[in-house]
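Here are my notes on this one, point by point. Have the structure open while you go through them.

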Amino acid sequence: MPLKIRKRDDPWKWGALVVFLGALLFSLAISGLLLAGQGKDALEGLYVLWQGSFGNLWALEGALLKAIPLFLCSLGVAIAFRMQIWNIGAEGQFALGAIGATWMALLFPDLPGIILLPLMFVMAFLFGGFWAFIPAFLKLKLRVNEIISTLMLNYIAILLLDFLVFGVWKDPASFGFPMTPEFTSGAVIPHIGESRVHWGILFCTVVGIGLWAFMRYTRLGFELQASGQGSRVAKYAKIRYGMLVMLVMTLSGGFAGWAGCVETSAVLNRLQPSLMVGYGYTAIVVAWLARLEPLNIAFASFLLAALRVGVENLQLELQIPASFGVIMEGMILLTVLAGQFFLTYKLERKHRS
Amino acid sequence: MPELKFVRPIHIRPLPEGTQPVVSLKNVTKRFGKIIANDSITLDIYPGRIKALLGENGAGKSTMMSLLAGRYPPDEGVIEIDGNPMKFSSSKDAITAGIGMVYQHFMLVDSMTVAENVLLGQEGSFFINPKEMMKRVGDLAETYGLDIDPAAHISDLSMGERQLVEILKLLYRESRILIFDEPTAVLTPEETSKLFEALWRMSEQGKSIIFISHKLEEVIALADEIAILRHGKIEGEFDTNAIESKSDLASRMVGKEVLLEVNREPAQICEPVLEIRHLTGLGLTDINFRVRKGEVVAIVGVAGNGQKALIEAVTGLCKPPVDTVFIMQKPWRKFFAESTWNRSMCYIPEDRMGLATLRNQNMVDNLLLTTRKGFSKGPWLNKKRAEKDTLALIKKYDIRPGRIHALAWQLSGGNLQKAVLARELYREPRLIIAEQPTQGLDVSATEEVWSRLLEARGMAGILLVTGDLNEALQLADHIAVMYRGRILGMLPTSDKETPGKIGPLMAGVID
């Protein structure tokens, strides 16, 4: 039967949800095929994946823990993307945030948490924000493409982190391992009750709601969204585009910096190279999956975090290569993005006229 | 700018008796929604002849070429090649039939050589000997007298040379009909003369050439035959040597007859809101005029004669020289530094979708785009009030669909323009810059826009930039004719002789 592509007259109300779920199912089906291709039982594999990500409390806690830095990085990336500024540097800004927070933790080990933790958060924001401000400044003054500069700054940031933990900040008692001394209790974000989850999740909620309100109810938030149409529209509407680019990049980097701070303080309790596991890159996937909406970002970061935890389980139980998780992540993103075609177009049966 | 002098090497040869056209369009019609882009066009193109298609922006030239190039099929009518009716289902079919097109934006791989670009995507063996490739392309260039080094990299070439590469690509494919879409827009005068020589040589070798342009003198210098396209119809077709005068051509291009009339009551003229004094630069030469509150001043001219630069200098999209532009009696810089969201200047641009509205956002956000300062209190934005006012404007201007949550891209051209107009008039402007405000609109929307603009004279002075002569005559008190960055005349519309004077001035003829 011949089909015809036609542009939709009205937006498809539940389209985004249908496309997302459809894409998810599609990528799970392909994953099942990949598993089968490796001689594993596909259904069992998917069951193990489910068990490992949502099946028990331990798994859920693990997913939630990983979702926290992912959420913060992704929020940052998303506001920059909203303005069509392509910040690929959340990874580096995350590292810089961790460095800033660690600096405070090592400088004032004896301060009580109520003073030290805010200090760490402020410094993490400033460091991360500064790291993102550099490409914004270069973009505006020298027309340097921000995709390249943010990406390159990631490598510099990671090397800087290595330089510090291998050098001046190395714990003398670490038997030569590259890591700082363990943080004092004032520098550690406490856990919620008996669970593994820490209070950073409350911080995420506040930041998420704050950003949502900022975008929706403030003039600056509106100007930021309007500038997403390009600098010419901004100029037409008398919006100060350059100023906004710098502001947005600083915010974006600051959020990633906070993620670095939370992860160092609450999960590792010290700075060490194993901090860098690619949250900054996954955040880009999350932001696109969520179509840059804060609430969706919360769901998407939880989903991808759960996927990570689940794939770890799959790896253990079925001896699947570690790259399997990355393949699935990429597949989900690609199918969701491809599926968005159906939000603007629909397929119709061809009529004979 | 130096005057262009084109010397045609040979005179127009008469077509031998009984020559069959290579391409014939027969009653070809193409609609986009309600708008008829091409209205039963009938046109013959002969081998060895250069046919110029002359028309204003939006006259339907590009649509017609896209039909020929197989980009989309006509709704009615047939395209015949060598007398056989053809149905192109893709641009590939058109290429096979021998139709080749040079677009305004070149499609070349910058890091490859000329020869590589020419052979790119051609059928033939997978491996090609580089030497053989250079030789073949070099020979081809020589045959048609195109001066280009096949080993040069595209990134090292000028715009004119890149265009030659595009032409070589078509020649290599043995295209018999070559279509050029405003090819001189990116060229210097010298490059233009070179291109013309190449075109003449190709036509002597039997190629048919279609040359799309709105530049009169180029068309007269180059073409064997001219067809004028206006509002999607062929307005006239004649041999170049049968043309009596340039001004005749100009008036035929923009049209004379009154299509639509509005009743323009005179308004009270008050203080000047825009003054331009000795503005030179940005491609403009010594522009002087003023617009007073209560009057409409229209700028007319063939597109590309400096209207864009003038608008950009006034609206703040680019900076004019110091002390040339005065808005509301303040120098430009001072005005923009102190400008408020309302009771100031507003701009209704030609590019409604790309510049004046946020495509993917709703009517409320689109209202806020230029009025946001009126709805903010401290850092906050009062969206409730914006929604209420949006709804009121939608009702007042009858903008469809009548929902505040409709997104800008869902609106038709007329409704979008009404929305922009509603928003800009909501700001109670003192100076309105309206650029092609009714282009692409149907009759009722045009009437509505016109009467709203005339009504706005009560609070503002209006600078109307238009390619539609009738619009200028209907709305304006004075008409300024622009030609090559100059204003050649400021004519009062109250004068009965004005309509007759505009055509010659648009063609640059001053008696």
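**Notes on the model**

1. Starting in chain B, strand β1 (residues 23-32) and strand β4 (residues 76-81) run antiparallel and are joined by 5 bridges. B:Val23 faces B:Ile81 of β4(B) across that pairing. Strands here are DSSP E runs of at least two residues, helices are H or I runs of at least four, and both are numbered from the N terminus; two strands pair if DSSP finds at least two bridges between them.

2. Some housekeeping before going on. This is a predicted model, in which local features need pLDDT of at least 70 and side-chain atom pairs count only at pLDDT 80 or more, while totals for chains, interfaces and linings use all residues. Residues are numbered from 1 along each chain as its sequence is written, with chains lettered from A and ligands numbered from 1 in the order in which they are written.

3. The β1/β4 pair of chain B belongs to an open sheet of 4 strands, in the order β2-β1-β4-β5, with antiparallel pairing. β2 (35-45) and β5 (84-86) of chain B sit at the edges with a single partner strand each, so one side of each has no neighbour in the sheet. From one strand to the next the twist averages 30°. Angles run from 0 to 180 degrees between N-to-C directions, on axes fitted to C-alpha atoms, for helices over the stretch in contact.

4. Helix α1 (residues 61-68) of chain B lies across β1, β2 and β4 of chain B and runs at about 60° to β2(B). Contact means that the C-beta atoms of two residues, placed from the backbone, lie within 7 Å.

5. How is chain B divided into domains? The assignment gives domain 1 (23-254) and domain 2 (272-506), with bounds that come from an automatic or database domain assignment. The centres of domain 1 and domain 2 of chain B, taken over C-alpha atoms, are 35 Å apart. Across the boundary in chain B, 11 residues of domain 1 are in contact with 11 residues of domain 2. Helix α8 (residues 246-254) of chain B gives the most to the domain 1 side, with 4 residues. By class, that side of domain 1 of chain B has 4 nonpolar, 5 polar and 2 charged residues. The classes: Ala, Val, Leu, Ile, Met, Phe, Trp, Tyr, Cys and Pro are nonpolar, Asp, Glu, Lys and Arg charged, and the others, Gly among them, polar.

6. Chain B also has an open sheet of 6 strands, with mixed pairing and the order β16-β19-β20-β13-β21-β22. β16 (345-348) and β22 (486-492) of chain B are the edge strands, each pairing on one side only. The twist in this sheet averages 15° from one strand to the next. Have a look at β19 (residues 431-435) and β20 (residues 461-465) of chain B, which run parallel and share 5 bridges; B:Ile433 stands opposite B:Leu463 there. Helix α9 (residues 307-315) of chain B packs on the sheet, touching β13 (296-300), β16, β19, β20 and β21 (478-483) of chain B, and its direction makes about 150° with that of β19(B).

7. Helix α12 (residues 363-371) of chain B is mostly covered, with 8 of its 9 residues buried. Buried means 20 or more other C-beta atoms within 10 Å of a residue's own, exposed 12 or fewer, and partly exposed in between, with C-beta atoms placed from the backbone. The cover over the buried residues of α12(B) includes α8 of chain A, along with α13 (383-397) and α14 (413-426) of chain B.

8. On to the chain-chain contact: 13 residues of chain A meet 15 residues of chain B. α8 (219-227) and α9 (231-236) of chain A each supply at least two residues of the chain A side. That side of chain A divides into 7 nonpolar, 2 polar and 4 charged residues.

9. Chain A itself has 14 helices and 2 strands, and 44% of its 353 residues are buried. A:Leu49 counts as buried because 28 C-beta neighbours lie inside 10 Å. Beyond its neighbours within four places in sequence, A:Leu49 is in contact with A:Gly310, A:Val311 and A:Leu314.
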